[in-house]
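User: Hey, can you walk me through this model before I set anything up?

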Amino acid sequence: MHLLKRKTGFFRQIILILFFITGMLTANSIISQDKIQDNIFEPVSSEKVVYDSLIGVPSIAEQMEMVFVEGGTFMMGSLDGDSTQKPVHKVTVSSFYIGKFEITTEFLDSILMRIPEEKGLFVVEESTRWLHHLYKFCNQLSKSEGLTPAYKFEIRPAKGKQGSKTDTSYVTVTCDFKANGYRLPTEAEWEFAARGGKKSKGYLYSGSNNLNEVGWINLSYEDYFARTGRKKPNELGIYDMSGGQSEYCWDFFGEYSDSSQINPTGPKTGEEIVVRGGSHLCVSEACTVYARESDNPGRMFAWPIRFRLARSK
């Protein structure tokens with residue numbers, strides 16, 4: 001296992017910690033991106049840094065830690081699963097990086113509240129608008145490290161003058177997988193990493209055949225809160241890819257094909273987004289490395305879903 005070398009070292013951790021702390025203290029004031037860069041090097045008291053570790057979740061620096069996944073070929077899906085997991089097919093993925101831990105809601109919110117809205121950009125329904133915030137979060141992290149953002153937003157007018165009562169414009173989001181910025185993993189990347197990549201031992205769950213060793217299930221949110229990273233990691237050193245909280249992938253949900261694929265990114269269009277890993281509310285069958293679920297953005301926050309960062313090599 002190789003860990004992604006963080007070029008910015010100490011200063012990067014200070015930047016991310018201050019995003020978190022100042023975001024919590026200024027929840028009602030949105031600051032421009034230029035001012036964010038001017039203010040992020042203000043001194044931070046040690047008490048506030050310690051607090052981040054005392055709440056029982058991985059620190060911001062730990063949530064940004066990336067694990068190198070050497071590319072390879074694997075058989076995606078399962079003959080033992082339901083119809084959505086069939087047919088089993090050969091998939092090849094290039095080398096990439098993926099988060100050692102899931103991104104917590106607290107970290108996500110602390111960044112999002114510092115990103116100013118772009119007038120007229122998000123004109124889709126409120127119930128679907130929040131999904132774009134995940135992509136904005138990734139872009140903002142990329143910019144903070146001098147990386148090329150992976151996501152691009154574009155307004156597509158459908159009917160009526162933009163901003164008018166008959167305006168039905170919508171936003172499309174595309175991902176540049178050649179960019180080196182942060183993004184969500186594809187479904188194929190997620191499953192390859194969950195299986196342990198080239199170090200896979202063929203486990204049913206991510207890191208074990210015993211779900212209790214690697215994941216949390218049958219817990220209320222109150223009972224699960226702050227348990228991230230407390231179980232065993234998988235073969236690559238990645239935590240919580242089975243149980244705990246489900247994770248978004250980039251792909252639209254679609255049926256598998258029996259043909260071999262190289263770096264698949266899912267259907268071009270769709271209404272459901274792929275969700276993987278199962279959650280603390282799921283049965284064990286939903287927590288296997290090959291189990292597939294989906295989420296319609298209209299079911300906003302209907303069940304616990306997080307995501308973990310990924311980057312192209």
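User: What kind of model is it, and what are the ground rules?
Analyst: This is a predicted model: local features need pLDDT of at least 70, side-chain atom pairs count only at pLDDT 80 or more, and totals for chains, interfaces and linings use all residues. Residues are numbered from 1 along each chain as its sequence is written, and side-chain values use heavy atoms, with hydrogens and water left out.

User: What does the pLDDT average, then?
Analyst: The protein averages 76, and 65% of the residues score at least 70. pLDDT is the predictor's confidence in each residue, from 0 to 100.

User: Where does pLDDT stay under 50?
Analyst: Residues 1-11 are one such stretch, with 17 contacts beyond four places in sequence in the model. Contact here means heavy atoms within 4.5 Å. Over residues 119-128 the pLDDT is below 50 too, and that stretch has 24 contacts beyond near neighbours in sequence.

User: OK, fold. How many helices and strands?
Analyst: The protein has 9 helices and 14 strands. Those are DSSP runs numbered from the N terminus: helices are H or I with at least four residues, strands are E with at least two.

User: How much of it is buried?
Analyst: Of the 313 residues, 52% count as buried, meaning under 20% relative accessible area with a 1.4 Å probe, protein chains only.

User: Who has the most contacts inside the largest nonpolar core?
Analyst: Phe137, Tyr248, Phe307 and Leu309, in a core of 31 residues. A nonpolar core is a set of buried Ala, Val, Leu, Ile, Met, Phe, Trp, Tyr and Cys residues joined through side-chain atoms within 4.5 Å. Elements giving two or more residues to this core include helix H5 (105-112), helix H6 (126-144) and strand S9 (246-252). H6 gives the largest share, 6 residues.

User: And what does Phe307 touch?
Analyst: Leaving out residues up to four places away in sequence, its partners include Leu108, Leu134, Phe137, Cys138 and Tyr248. There's also a second, separate core of 21 residues, with Val91, Ala194, Tyr256 and Val274 among them.

User: Switching topic: what's the strand order in the open sheet?
Analyst: S12-S11-S9-S13, 4 strands with mixed pairing. Strands S12 (292-295) and S13 (305-306) are the edges, each pairing on one side only. Two strands pair if DSSP finds at least two bridges between them.

User: How many bridges between S11 and S12?
Analyst: They pair in the antiparallel sense over 4 bridges. Arg276 has Arg292 in S12 as its bridge partner.

Key: Buried < 20%, exposed > 50% of the residue type's maximum accessible area, 1.4 Å probe, protein only.
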